[in-house]
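Please read each point against the structure shown below.

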Amino acid sequence: MTAIKSKKDFSLFDFCKKKADKVQIYGEETLDEEGNVIPFVDQAALITHYLQIRKTDINMPYEQQAKGILNLWYEFIKGEKQRKPNDFEGVSESPIGYQTYLFPDLFEAPFQAPTNPEFTFIDLFAGIGGFRMAFQNLGGECVFSSEWDEQAKKTYYANYGDVPFGDITKESTKNKIPKGFDILCAGFPCQAFSLAGKRLGFEETRGTLFFEVAEILRRYQPKAFFLENVKGLVIHDKGRTFKTILNTLDEVGYVVPDPQIVNAMFFGVPQHRERIYIVGFRKDLGIKKEDFTYPEQKEVTKKWIDVREESPVPAKYYLSTTYIETLKRHKARHEAKGHGFGYDIIPDDGIAHAIVVGGMGRECNLVIDFRQTDLTPTTRIKGEVNHQGWRKMTPREWARLQGYPDNFKIVVADASAYKQFGNSVAVPAIQATAKQLLKTLDNKKVLNIWEH
């Protein structure tokens with residue numbers, strides 16, 4: 001490995017973003033349980049999780065390995081071996097010491113855990129951290145995150161200072177989860193369930209990503225969980241899939257209040273986004289279904305214009321005349337067949353459709369914006385940029401539609417950013433529901449979060 005001459009030249013984010021596939025650090029500590037060398041980004045996950053939570057009481061099953069890898073990284077970054085074995089312990093009793101000593105960007109992430117957290121949680125299928133944002137806002141500390149998508153990992157690290165662990169289906173990843181955390185969060189992907197058997201329980205979920213969530217609940221038994229999915233999950237396979245999920249959650253030891261479809265537009269974002277929310281409480285806590293209530297959905301307070309970019313956006317977001325004609329023909333064909341598919345233009349005082357990935361994800365949320373006067377093409381297009389004000393929403397506008405604050409860093413190309421925000425949870429709706437979950441735990445004296 002080639003060492004870097006100065007710590008000022010090293011940015012963990014820069015390496016995770018651009019160079020991780022070209023760098024590998026080797027050492028005895030970098031071998032996994034099967035004897036394979038842990039990839040650079042996975043080593044970064046071990047180190048960042050260790051540095052972020054090393055001063056808490058949470059048990060870290062990977063602590064010794066993280067310390068060993070940290071020593072190797074020191075040599076890699078500084079170009080010299082440590083002068084004594086416990087150099088890192090002497091840097092500072094506070095992780096801030098690492099900010100100027102070794103990882104200058106680690107603690108510059110804008111969304112750090114609270115100094116004195118009230119509870120702990122883990123973030124599975126983390127994406128860009130919508131659950132994390134919500135639960136941190138309520139006083140929680142994330143002690144484990146997992147996400148397989150490399151682009152999403154970059155965004156996650158830039159904003160929270162943690163590189164998520166990888167594929168949660170691997171036993172080696174599950175084994176990194178600390179024991180004793182309070183709440184499990186997961187926006188698990190919806191997969192088809194095989195319902196060959198009749199039990200409709202734990203065994204029937206094998207081979208699905210939901211099974212990974214259920215298995216972790218079974219092993220670690222946190223006090224509560226919060227799951228999110230598309231609302232179509234409720235009717236998938238004539239309701240049998242959803243029945244399987246609920247039976248499984250019961251089987252692994254949880255009381256589940258009736259799940260509810262929650263619409264983000266009632267929680268301060270102008271987006272009609274309906275998702276099924278499922279919360280549960282460990283049975284031995286004595287919490288009943290009726291002890292929990294979902295937040296009320298009664299008022300729409302924001303319109304599209306409230307989240308529009310304040311300044312004119314670049315010409316690249318404006319549609320070409322040729323593309324507009326294609327969209328019009330596409331919509332006309334579907335209308336002739338009696339379908340409602342096709343582009344849609346959101347008025348300034350309107351509510352956006354759910355932002356989604358792929359297909360007509362952006363085209364169903366077009367807007368009219370005449371503020372940009374320089375419509376010189378900056379990318380290769382057919383035809384010319386239209387002069388009727390038709391444009392796509394920007395990634396920042398999608399971020400706002402999902403409730404992310406403006407200091408949330410967008411560090412990937414537009415295509416990845418659209419995918420990440422389209423796959424994300426709506427933070428304000430998650431936070432409102434999470435508050436109700438915490439309130440239930442607090443009322444039952446399971447957690448002491450708020451003064452009574």
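1. Ring pairs join Phe-111, Tyr-156, Tyr-160, Tyr-404, Phe-408 and Phe-421 into a cluster, where rings of Phe, Tyr and Trp (its six-membered ring) pair if their centres lie within 6.5 Å, and planes under 30 degrees apart count as stacked, over 60 as edge-to-face and the rest as tilted. By this rule the count comes to 23 aromatic pairs.

2. On the basis of these comments: this is a predicted model, in which local features need pLDDT of at least 70 and side-chain atom pairs count only at pLDDT 80 or more, while totals for chains, interfaces and linings use all residues. Residues are numbered from 1 along each chain as its sequence is written, and side-chain values use heavy atoms, with hydrogens and water left out.

3. One of the aromatic pairs is formed by Phe-121 and Phe-135, and it is tilted because the ring centres are 5.3 Å apart and the planes stand at 35°. The pair links distant parts of the chain, with Phe-121 in strand 1 and Phe-135 in helix 6, 14 residues apart; helices (H or I, at least four residues) and strands (E, at least two) are DSSP runs, numbered from the N terminus. Phe-121 has a relative accessible area of 0% and is therefore buried, and Phe-135 likewise counts as buried at 0% relative accessibility, the classes being buried under 20% relative accessible area, exposed over 50% and partly exposed in between (1.4 Å probe, protein chains only).

4. Phe-225 and Tyr-254 form an edge-to-face pair, with 5.4 Å from centre to centre and 70° between the planes. Phe-225 lies in strand 4 and Tyr-254 in strand 5 (residues 254-255), so this pair ties together parts that are 29 residues apart in sequence. Both Phe-225 and Tyr-254 are buried.

5. The largest pocket has a volume of about 670 Å³, a pocket being an open set of points on a 1 Å grid over the protein atoms alone, where a 1.4 Å probe fits, with protein on both sides within 12 Å along at least five of seven lines, and lining residues having an atom within 4 Å of a point. Of the 32 lining residues, the closest to the centre are Phe-125, Gly-187, Pro-189, Asn-423 and Ser-424. Helix 6 (130-137), helix 7 (150-160), strand 4 and helix 13 (414-423) each give two or more residues to this lining, and the largest share, five residues, comes from helix 13.

6. The second largest pocket has a volume of about 400 Å³. It is lined by 15 residues, of which Asp-32, Asp-42, Lys-170, Ser-172 and Thr-173 lie nearest its centre, and helix 2 (40-53) and helix 8 (171-174) each supply at least two residues of the lining.

Definitions and conventions:
Points joined across faces, edges and corners; volume = space filled by probe spheres on them.
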